[in-house]
Amino acid sequence: MLESLASNGLRFRPCLPVHVEVSARDNRLVTKQISGATQQIPDTLPRAQTKAEPDMRADVVVIGAGPTGLACAIEAQRAGFKTMAIDKGCVVNSIYNYPANMSFFTTPELLEIGDIPFSTARQKPTREEALEYYRKVAEHYRLDIRQYQWVKTVTGSDGDFQITATDSLGRIYDYRTRKLIVSTGYYDLSNPLNIPGEDLSKVFHYYREPHPFFDMDVLVIGGKNSAAIAALDLWRHGSRVTLVHRGPKLHNHVKYWILPDIENRIKNGEIAGYFRSTVLEIEPDYVSLETLEGLVRLKNDFVFAMTGYHPDYDFLRSMGIELSSEQCRPVCDPLTLESNVPGIYVAGVIVAGSKTNEIFIENGRFHGRQIAAHLKQKLSST
């Protein structure tokens, strides 16, 4: 656990589940054996002091404060349970990391949670409007949200789970809860290219805005919406853009108003397009492609690898949640969303495993009601 406290990247490889305690005798760190594995931590290493909190216990803790996580917290709170949410980023952190000028593909009423209307003058709300909406919802329900705390371990069992989280300063936070809802999404972990040069600072897996890339040679990797949107926005703001995709054409999931635009830009030679092609290597000043015409080496300043994202499967497994072999879907009751681990529920896109195009805000927002209905039965009887 401690080896990753200073990490502020998007990838997370959880350590073996070890419960760390402070010895009352001499303030030394000690470890307990969990699930047959013990990780040794030097007893001379000081434990960072936790921030004083008025209450670190709850009936229900939600890991993740995205739209679905907020919806789960609202429904659990409405059911009468003391609830808190913990997120390693800000409220609706994934939406915050969307492109700055992005508009949603859906209408505002399909993004609503907690029976709070989403009012906007536009048919399709913008990122900024969505951020404001979810802030207002959190304020309305006075949700207890612990932002910028990264949950590292979950131990214990149904009725008494122990949660250990850390912040960017390495401080440790210990929580206890009777029930746990995991709604960690998938946008934090990008699908790797597994090629030389992928770790160069010029390579990005998230697109925010075009201005820093004016008059630059930019390669966009991918064939779906995010790649098409980034390529068009960069081109319209003065970048020299090349799009490379391993498929024969752009994916059929590209929105109908975007597809003809990107296809015409490629057809007119305004954006260079390489299909049935792959990136072999990324160098400081060039990229190498394997194309139908053979090896191509292009001058390059920046790369946007819009190759998709995936849930944190390792974190789910660390809690004992079983995943299906092919699609990594968590084993859960389809009606209650309780996982194979009693007392731990799953919500949002992680329910779909690797099929991340099956669950969105539009349908994941109702998971909170399913879970809250089961919580009423379980917690009310104890």
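Trainee: Which residues does Tyr134 touch, not counting those up to four places away in sequence?
Mentor: In this predicted model, Tyr134 touches Pro67, Leu70, Val92, Ile95, Leu111, Ile113 and Ile361, with residues up to four places away in sequence left out of the list.

Trainee: And which residues have the most contacts inside the largest nonpolar core?
Mentor: Tyr134 is one of them, along with Leu70, Val154, Leu180, Ile181, Met319 and Leu375. That core has 66 residues.

Trainee: What about a second core, and how many residues does it have?
Mentor: The second core is separate and has 23 residues, including Tyr206, Phe213, Val220 and Ala230. As a general point, nonpolar side chains in soluble globular proteins tend to be buried together.

Trainee: Changing topic to the sheet: in what order do strands S13, S14 and S15 lie?
Mentor: The order is S13-S14-S15, in an open sheet with antiparallel pairing.

Trainee: Why is one side of S13 and of S15 left without a neighbour?
Mentor: Strand S13 (278–282) and strand S15 (294–299) are the edge strands, and each has a single partner, so one side of each has no neighbour in the sheet. From one strand to the next, the twist averages 25°.

Trainee: How many bridges join S13 to S14?
Mentor: Four bridges join S13 to S14, which spans residues 286–291, and the two run antiparallel. Within that pairing, Val279 stands opposite Leu289 in S14.

Trainee: Now the charged residues. How many salt bridges does the structure hold?
Mentor: The structure holds 23 salt bridges. One of them brings together the side chains of Asp115 and Arg369, at 3.6 Å from N to O.

Trainee: Where do Asp115 and Arg369 sit in the chain?
Mentor: They are 254 residues apart, and the pair links distant parts of the chain. Asp115 lies in the loop between helix H2 (93–96) and helix H3 (127–140), while Arg369 belongs to helix H8 (residues 367–380).

Trainee: Is Asp115 buried or exposed?
Mentor: Asp115 counts as exposed because its relative accessibility is 54%, and the threshold for that class is over 50%. Arg369, at 41%, counts as partly exposed.

Trainee: What about Asp261 and Arg236?
Mentor: Their side chains meet in a salt bridge of 2.8 Å, N to O. Asp261 is in helix H5 (residues 259–267) and Arg236 in helix H4 (residues 225–236), 25 residues apart. Asp261 is buried, with a relative accessible area of 17%, whereas Arg236 is partly exposed at 46%.

Methods
Residues numbered from 1 in each chain as written. Predicted model: local features only at pLDDT ≥ 70, side-chain atom pairs only at ≥ 80, totals over all residues. Heavy atoms only, no water. Core = buried A, V, L, I, M, F, W, Y, C linked by side-chain atoms within 4.5 Å. Buried < 20%, exposed > 50% of the residue type's maximum accessible area, 1.4 Å probe, protein only. Contact = heavy atoms within 4.5 Å. Pairing = 2+ DSSP bridges. Axes fitted to C-alpha atoms, helices over the stretch in contact; angles between N-to-C directions. Salt bridge = Lys/Arg side-chain N within 4 Å of Asp/Glu carboxyl O.
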